[in-house]
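Subject: Handover of a structure, with notes on what was found

Dear colleague,

I am handing over the structure below, together with a written account of what was found in it. Please keep it open beside the text as you read.

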Amino acid sequence: MSSTVSSAGNTVISSTGIGSGLDINSIVTSLTTAAGLAQNTQLSDRKGALTAQVSAFGTFSSALATLQATLTTLQTPSTLAGRTATVSDDKVASGSATSSAIPAQYSIQVQNLATAASLASKPVASGATSIGTGTLTIAVGGTSASISIDSTNNTLAGIAAAINGAPNNPGVSASILTTTAGARLVLTGNTTGAANAITVTQSGGDGGLAKLTYGPTNNVTNLTQTQAATDANFSVNGFAATSASNQVTSVISGVTLNLLGTTAADTPATLTIGNDTTGAQTSIGTFVTALNGLITSIQSLTSYDPSTQTAGPLLGNATLQSFQNQLSNILDQVKSGNTSAGTSLASLGITASTQGTYNTNTDTLGNALTASLASVGSFFGGANGIATQLNSLINGYTQGGGLLDSINKGLQSSLTDVANQQTALNARLATYSATLTKEYNAMDTAVALLKQTQTYLTAEFNPNSGTSGSSSNSSLSSGTLSTGG
């Protein structure tokens, strides 16, 4: 900042501090900082504490979500109780089973697989050979499509492309088979089963499409059937069964049987439905890992290190204390001495460690699952199962409008309030700084004027001082004095 001083017809321009020699900017900055130090420190500490709590509750929420994700399978006993389906001859069939399937063994014999129809035309010179024009109507089962053939697509290859590109294709794939005899149009059904036989009729045009017609019930066999559409014929425990598909789902409850090949006479394959404990063991192991992650997270957030006097961001927090108590009540069955499978966590080999987390004995868990998979499923799932109780507990904290949602909104509101207070403080300090600057500049201007007067007087009363401005005609000798004021 600069100031202008006028005296005896002279103008003096000086910058801030030029009169007093003081570093006004530094002084104002120091005084302003000192004035706001206490409140700035308080607001900064408050913001840091709130931010740490937001982060801490975020960590807690994440650990809850991870645990809750593992509960979906455990909550439904039938989902946990998986089944295996094994066929003694993997060339005959493969299988899969849902939890509703009953463990048992079945004798499987396959006489023939389900097949899709296949028709072939008589050979012509090549795919570019013209066949004819008109309309081909192709029917598969109860579905048909009429395909127009004109001079632009009347070759063998053009007809195949028209069939494949028909928007209402009834389920037929057309291809060109070229051998030493020539090129043939091959029509293959996309669906197996006796009901999905293929028929082809033609109308209009030049009549050339008649070469591609097939309807044995009307004695029309201009195409050759290379494979008939048939149902699969097989037997289970000696009882005959048929299926339009080689994937059979309706014969054994809860079992899908994929027929792959035929069996020799009187040489059945064995289908075994058993308990699948692998999936259950994996699900329970994942649950224990997530549970330990939550417990470790809570311990870290509420910890206190006396050697460093460092406290976790949620030490003494009532919300986490309440959750820990409720969690302990649900998991208290770990202390049960009952060793019957599926009656306590201990009976499943899940025991508490001295650190508060849980260890799993996989052998004990595997034996419990093998002994009574249904009991283990009921222990975790159902109305009173551990997984159901835990899910209900976690929902109370994590759902929209729940406890954590309310806490987070409160913390965000407090952070907004801190930001508003900081903005207001900054505005007050800016005003204070401007006021100080104005006052110091005024003082500096006054000092500059005094120095100018001193210089003037010195020159008047001491002509030998070496300063200019002394004159017998000076304003002083004439009896006048101007200080610029």
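A residue is called buried here if its relative accessible area is under 20%, exposed if that area is over 50%, and partly exposed in between. The model is a predicted one, and the values that follow were computed from it.

Leaving aside residues up to four places away in sequence, Leu212 touches Ser121, Ile131, Leu136, Ile159, Leu185, Val200 and Leu223. Between Leu212 and Val186 there are 10.0 Å in space, C-alpha to C-alpha, for a sequence separation of 26 residues.

For the protein as a whole, the secondary structure comes to 10 helices and 23 strands, and buried residues make up 36% of its 485 residues. Of the contacts with a separation of 6 or more, 67% are between residues 24 or more positions apart.

Strand S7 and its partners

Strand S7 covers residues 134-140, and five of its seven residues are buried, so the strand is largely enclosed by the rest of the structure. S7 pairs with strand S8 (residues 143-149) in the antiparallel sense, over seven bridges, and in this pairing Gly134 stands opposite Ile149 in S8. The two strands form a hairpin with two residues between them, and Gly141, in the turn, has a positive phi of about 60°. S7 is also joined to strand S11 (residues 198-203), again antiparallel, by six bridges; there, Val140 has Ile198 in S11 as its bridge partner.

An open sheet is formed by four strands in the order S9-S10-S6-S14, with antiparallel pairing. Its edge strands are strand S9 (172-179) and strand S14 (224-227), each of which pairs on one side only, and neighbouring strands of the sheet are turned by 30° against each other on average, if direction is ignored. Within the sheet, strand S6 (residues 118-120) and strand S10 (residues 182-189) pair in the antiparallel sense over three bridges, and the bridge partner of Ala120 in S10 is Val186, the residue already named for its distance from Leu212.

Helix H4 (residues 156-165) packs on this sheet, where it touches S9 and S10, and its direction makes about 160° with that of S9. The buried residues in H4 are Leu156, Gly158, Ile159, Ala160, Ala162 and Ile163, and the buried residues of this helix pack against S7, S8, S9 and S10.

Helix pairs

Helix H1 (residues 24-69) and helix H10 (residues 403-461) pack with their axes 9 Å apart, at an angle of about 170°, which means that H1 is roughly antiparallel to H10. The residues of this contact divide into 21 nonpolar, 15 polar and four charged.

The axes of helix H5 (residues 277-301) and helix H6 (residues 318-331) cross at roughly 145° and come within 11 Å of each other, and H5 passes H6 in a left-handed crossing. On the H5 side the contact holds Leu291, Leu294, Ile295, Ile298 and Leu301, and these meet Leu320, Phe323, Gln324, Leu327 and Leu331 in H6. By class, the contact of H5 with H6 has nine nonpolar residues, one polar and no charged ones.

Apart from residues up to four places away in sequence, Leu315 touches Leu301, Thr302, Ser303 and Tyr304. Leu301, which takes part in the contact of H5 with H6, is 14 residues from Leu315 along the chain, and their C-alpha atoms are separated by 6.6 Å.

With best regards

Definitions and conventions. Residues numbered from 1 in each chain as written. Predicted model: local features only at pLDDT ≥ 70, side-chain atom pairs only at ≥ 80, totals over all residues. Heavy atoms only, no water. Buried < 20%, exposed > 50% of the residue type's maximum accessible area, 1.4 Å probe, protein only. Pairing = 2+ DSSP bridges. Axes fitted to C-alpha atoms, helices over the stretch in contact; angles between N-to-C directions. Parallel < 35°, antiparallel > 145°, perpendicular 65-115°, else oblique. Nonpolar A, V, L, I, M, F, W, Y, C, P; charged D, E, K, R; others polar. Left-handed = near helix turned anticlockwise from the far one by under 90°. Contact = heavy atoms within 4.5 Å.
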